[in-house]
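Please walk me through this model one selection at a time. For each stop, say what to select and what is there.

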Amino acid sequence: MTNIHTLQKIFPAGFDNGYGSIKLLVDGFDVVRVPSYISSVDMEDVPGRVVFNGTAYTVGESAFRTGYHFERNTDSNENKVNNALITLLGALAHLPHRKAWHLKLVVSLHDVGLASELKQVLNGEYQPILAGKVSEVKIEVLKVVPEGMGALFGQQLPPKLTVLDFGNGTTLYSRYNQGKREVHTPYPTGVEVLIEDISQKMKHLNGGKIGDPSKIRFCLEMGHTRYSRDIDIKDVYSACLKDWYEKYLKKVVNLTLDAKHAGDEIWAIGGGCLLPGFKKLLEKNGFRILDNPVEANAFGLLEMAKAIVKKNT
């Protein structure tokens, strides 16, 4: 991956500014995937540190490590748009330093109605300090596509397909016919709701205090239930998962199973697929879990960007 052309200025890239995590994939670099946290606490020049317009921010893992004072993308729908430039620069600040970046982006957005606002926020030329070093960053948004579309780009799609995207803030139900999308319904309950429930119900394990959602999320993303050295939330997790599924997901999973009955292939993407024990349940129901379900969207967005750049040259 280290054939980074020193003279190269223009980089196609895919950007998925998710509720739960930010995924940025710049051509020729490894994918940056960090939690959607933004902190304005004083910090060293760590990866994800951005000084911009006179304000300093830290985006990602280090923001969460400050232990407090972080804002999350989840905290409001507009945040995904309003914070997009900060989260994008924060993601860039995780990559090896370059004096100049000219990014040609394809971005995915949950609510494509906000596409023009998003372009306005992102497009432009900036001079941030990224992880302690000045960079010239030019951003050009080539296209804004609906969330999850990236994951299907370049895949051999079956004639009839239903996709469930288990995200942090939402669960998305989409149906495709001959590669064209017919239905796109967001359900406003994602993994976030499950994590919230676990944090409330683990008090008896945590000396009467509610659990820290970011710590719960972290262990679940690592594929286990060890909240800390001496607390395992396995039983609470199992009970809450069952509950979450029954209350919020059953309806949309049943819709998908009806689609399967009508001849659709059913696929699943999004970080929720990786919840301990959940993947098995989905597979048992006939879902195909895409490889790398969390980053599949970003990889597709980059491929789209490359295709557009190529077409325009």
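Select Ile 216: in this predicted model, Ile 216 is buried, with a relative accessibility of 0%. Helix α7 is the element that holds Ile 216. Show its surroundings, leaving out neighbours within four places in sequence, and the contacts of Ile 216 are Ile 195, Ile 198, Ser 199, Met 202, Gly 211, Tyr 227 and Ile 233.

Ser 199 belongs to helix α6. Is Ser 199 buried or exposed? Its relative accessible area is 1%, so Ser 199 is buried, the limit for that label being under 20%. Beyond the four places on either side in sequence, Ser 199 touches Ile 210, Gly 211 and Ile 216.

A disulfide would need the two sulfur atoms within 2.5 Å. Searching the whole structure gives zero disulfides. Cys 219 is buried, at 2% relative accessible area, and Cys 240 is buried as well, at 2%.

Move on to Thr 171. Thr 171 sits in strand β14, which covers residues 171-177. With a relative accessible area of 1%, Thr 171 is buried. A polar atom of the Thr 171 side chain lies 2.7 Å from the backbone oxygen of Thr 189. Sequence neighbours within four places aside, the residues in contact with Thr 171 are Asp 165, Phe 166, Thr 185, Pro 186, Tyr 187, Thr 189, Gly 190, Leu 249 and Val 252.

Next come the empty spaces. Rolling a probe the size of a water molecule over the atoms shows where empty space is left. Start with the largest pocket, which holds about 500 Å³ of space. To centre the view, select Phe 166, Gly 167, Asn 168, Gly 270 and Gly 271, the closest to the pocket centre among the 33 residues that line it. Then colour the elements that each supply at least two lining residues: β2 (21-26), β13 (160-166), α6 (191-201), α7 (213-221) and α10 (296-312). Which helix gives the most to the lining of the largest pocket? Helix α7 does, with three residues. Coloured by type, the lining of the largest pocket shows 13 nonpolar, 12 polar and eight charged residues.

Cavities of 30 Å³ or more number two. The second largest cavity has a volume of about 50 Å³. To outline the second largest cavity, select Glu 147, Gly 148, Met 149, Val 163, Asp 165, Leu 172, Ser 174, Tyr 176 and Ile 269. Strands β13 and β14 each supply at least two of the residues in this lining, and β14 gives the most, with three. By type, the lining of the second largest cavity splits into five nonpolar, two polar and two charged residues.

Finish with two loop residues. Select Asn 53, in the loop between β5 (49-52) and β6 (55-59). The phi of Asn 53 is positive, about 50°, although Asn 53 is not a glycine. Asn 53 is exposed, with a relative accessible area of 67%. The last stop is Ala 131, in the loop between β10 (129-130) and β11 (133-134). Ala 131 is likewise a residue other than glycine with a positive phi, near 50°. How exposed is Ala 131? Ala 131 counts as partly exposed, at 26% relative accessibility.

Key:
Residues numbered from 1 in each chain as written. Predicted model: local features only at pLDDT ≥ 70, side-chain atom pairs only at ≥ 80, totals over all residues. Heavy atoms only, no water. Helix = DSSP H or I, 4+ residues; strand = E, 2+ residues; numbered from the N terminus. Buried < 20%, exposed > 50% of the residue type's maximum accessible area, 1.4 Å probe, protein only. Polar contact = N/O pair within 3.5 Å; in protein donor to acceptor, adjacent residues only side chain to side chain. Contact = heavy atoms within 4.5 Å. 1 Å grid on protein atoms, 1.4 Å probe; cavity = no way out; pocket = protein on both sides within 12 Å on 5 of 7 lines; lining within 4 Å. Points joined across faces, edges and corners; volume = space filled by probe spheres on them. Nonpolar A, V, L, I, M, F, W, Y, C, P; charged D, E, K, R; others polar.
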